[in-house]
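Welcome! Here is a short briefing to read with the structure open beside you. Take the topics in any order you like.

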Amino acid sequence: MADWKNEQEAREQIKALVADYYHQFKEKKEPYHDGERITYAARVFDEKEMCALTDATLDFWLTTGRFADQFEKEFAQWIGVKFAHLVNSGSSANLIAFMTLTAPELGERQILPGDEVITVACGFPTTVTPVLQYGAVPVFVDVTVPQYNIDVTKLEEALSEKTKAVMIAHTLGNPFDLSAVKAFCEKYNLWLVEDNCDALGTQYTIDGETRFTGTWGDIGTSSFYPPHHMTMGEGGCVYTNDPKLNRLILSFRDWGRDCICPSGQDNFCKHRFDGQYGELPQGYDHKYVYSHFGYNLKVTDMQAAIGCEQLKKFPSFIERRRHNWDRLRAALEPVADKLILPEPAENSRPSWFGFLISVRPESGLERNKVTRYIEEHNVQTRLLFSGNLIKHPCFDQIRGTEKYRVAGDLSVTDFIMNNTFWVGVYPGMTDEMIDYMAKTIIKAVSM
């Protein structure tokens, strides 16, 4: 049995062993060789994340705790918002962001069943799922190439007297036209939710002011799933500058309760037993008063501990993603007659999640044949998520009904569904890996 003087000494020795374990068994020591499998994304971590996870595990505080508090504070300061709250995934972050806007406290701006939310069909389904599940109506608008974001010229056509919000994602790090979308929302008093899950660290400038994406709208969301810009395994975040929305976000995340007492604390509000709520008896325990139909979507402290270390590395992650994207794009320029290469949005400095490529139909190439060759040569590819969401089996039972609406047509969305794929630029990629990917893609379209 170890002879430790105190708990702190025990922790330090245990963490030292964990660090040694990382260096011996997890740390990559061999350089990349052409032909080795290149995944589209991967975790980038070292012994510091493993030691932080160990520290939280030794606390054995199995729900949200000190590391979550630390992460929320530091993340809010970094991204530039007043309030940030961890949840268990980016999808849950989107659920909380949308459900917050259904709260009766919002008065005439409350989203009710049957109200409309403008979005796109070319993206990830959980940007849209909460809208459908609540009984609101998503209104799908087409997108543009080579930015792969909402076509802002179609916004007015999508508007109706039922429109209450715009909820869309920034695509693979490339921001949608925030200037136009924000102005549209302000003109018609609409909520703006930025699904920032694939664009954390992207900067956008409006009228000379530069901010991170996710902070221009009313609510922003992020994901910390392993392929994303930073990770805590599973995990996500919801953030805002609005105190009322902040209070509602917490309620919907934490069971829908009215009480704001932190986990493990009682009577934080000093009014635990003296309130009158709904039709409950006077003085009913405020800790068990529910003002909304909420959820339990908190993150664990073990996940948050990993996030605290990832956040320290995050600025370097962003710069490496930009470097990799720029290198790959320059290398693929010679085949731009066969491939549509991506372009950053105006007034932006993207934090790239991936590198989008569309096969030009006039080239005679087929996307699936191209990606098959690339995959066979050990470069992992991905499609732009759903391509066209309304073509998927999940729409079979509602297709052609009034549960959703399409403004105009989705011809560019269909083009992406048939012709587009992407490869990774994650910060663990070396120049040699980027060069091999470029060489492989060039061969795939030159055969």
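A polar contact is a pair of N or O atoms within 3.5 Å. With that in mind, look at the start of helix α8, where a side-chain oxygen of Asp242 comes to within 2.8 Å of the backbone nitrogen of Lys244. Please keep in mind that this is a predicted model. The points below visit some helices, a set of charged pairs and a few residues in loops.

- The buried residues of α8 are Leu245, Asn246, Leu248, Ile249, Ser251, Phe252 and Arg253.
- Just after α8 comes Trp255, which takes a positive phi of about 70°.

**Helix α4**

- Helix α4 runs over residues 90-100 and is mostly covered, with 10 of its 11 residues buried.
- The buried residues of α4 are Gly90, Ser92, Ala93, Asn94, Leu95, Ile96, Ala97, Phe98, Met99 and Thr100.
- At the start of α4, a side-chain oxygen of Ser89 reaches to within 3.3 Å of the backbone nitrogen of Ser91.

**Salt bridges**

- Side chains of opposite charge can pair when their charged atoms come close.
- The structure holds 36 salt bridges.
- One of them joins the side chains of Asp55 and Arg66, at 3.7 Å from N to O.
- Asp55 belongs to helix α2 (residues 47-59) and Arg66 to helix α3 (residues 66-79), so this pair ties together parts that are 11 residues apart in sequence.
- Asp55 is buried, with a relative accessible area of 13%, whereas Arg66 is partly exposed at 45%.
- Arg66 also forms a salt bridge with Asp59, and here the closest N and O atoms are 2.7 Å apart.
- Asp59 is partly exposed, with a relative accessible area of 27%.
- Elsewhere, the side chains of Asp151 and Lys154 meet in a salt bridge of 3.7 Å, N to O.
- Asp151 counts as buried at 13% relative accessibility, and Lys154 counts as partly exposed at 22%.
- Through shared partners, salt bridges join Glu7, Arg11, Glu12, Lys15, Asp55, Asp59 and Arg66 into one network.

**Two helices that pack together**

- Two packed helices are described by the angle between their axes and the distance between the axes.
- Helix α9 (residues 301-332) packs with helix α12 (residues 431-446) at an angle of about 35°, and their axes are 9 Å apart.
- The crossing of α9 and α12 is right-handed.
- On the α9 side, the residues that meet α12 are Arg320, His323, Asn324, Arg327, Leu328, Ala331 and Leu332.
- On the α12 side, their partners are Asp431, Ile434, Asp435, Met437, Ala438, Ile441 and Ile442.

- Asp198 lies in the loop between β5 (191-195) and β6 (203-206).
- Asp198 is buried yet has no salt bridge, and the nearest side chain of opposite charge, Arg321, is 8.8 Å away.
- Not counting residues up to four places away in sequence, Asp198 touches His170, Leu172, Gly173, His228, His229, Ser351, Phe353 and Phe385.
- His228 sits in the loop between β8 (219-223) and β9 (236-240), and at 14% relative accessibility His228 counts as buried.
- Leaving aside neighbours within four places in sequence, His228 is in contact with Cys197, Asp198, Ser223, Arg321 and Phe353.

**His271, in another loop**

- His271 is found in the loop between α8 (243-253) and α9.
- At 43% relative accessibility, His271 counts as partly exposed.
- The side chain of His271 makes a polar contact of 3.0 Å with the side chain of Asp274.
- Beyond the neighbours within four places in sequence, His271 is in contact with Tyr277 and His286.
- His271 and Cys259 are 12 residues apart in sequence, and their C-alpha atoms are 9.4 Å apart in space.

Conventions
Residues numbered from 1 in each chain as written. Predicted model: local features only at pLDDT ≥ 70, side-chain atom pairs only at ≥ 80, totals over all residues. Heavy atoms only, no water. Buried < 20%, exposed > 50% of the residue type's maximum accessible area, 1.4 Å probe, protein only. Helix = DSSP H or I, 4+ residues; strand = E, 2+ residues; numbered from the N terminus. Polar contact = N/O pair within 3.5 Å; in protein donor to acceptor, adjacent residues only side chain to side chain. Lys, Arg positive; Asp, Glu negative; His and termini not counted. Salt bridge = Lys/Arg side-chain N within 4 Å of Asp/Glu carboxyl O. Contact = heavy atoms within 4.5 Å. Axes fitted to C-alpha atoms, helices over the stretch in contact; angles between N-to-C directions. Left-handed = near helix turned anticlockwise from the far one by under 90°.
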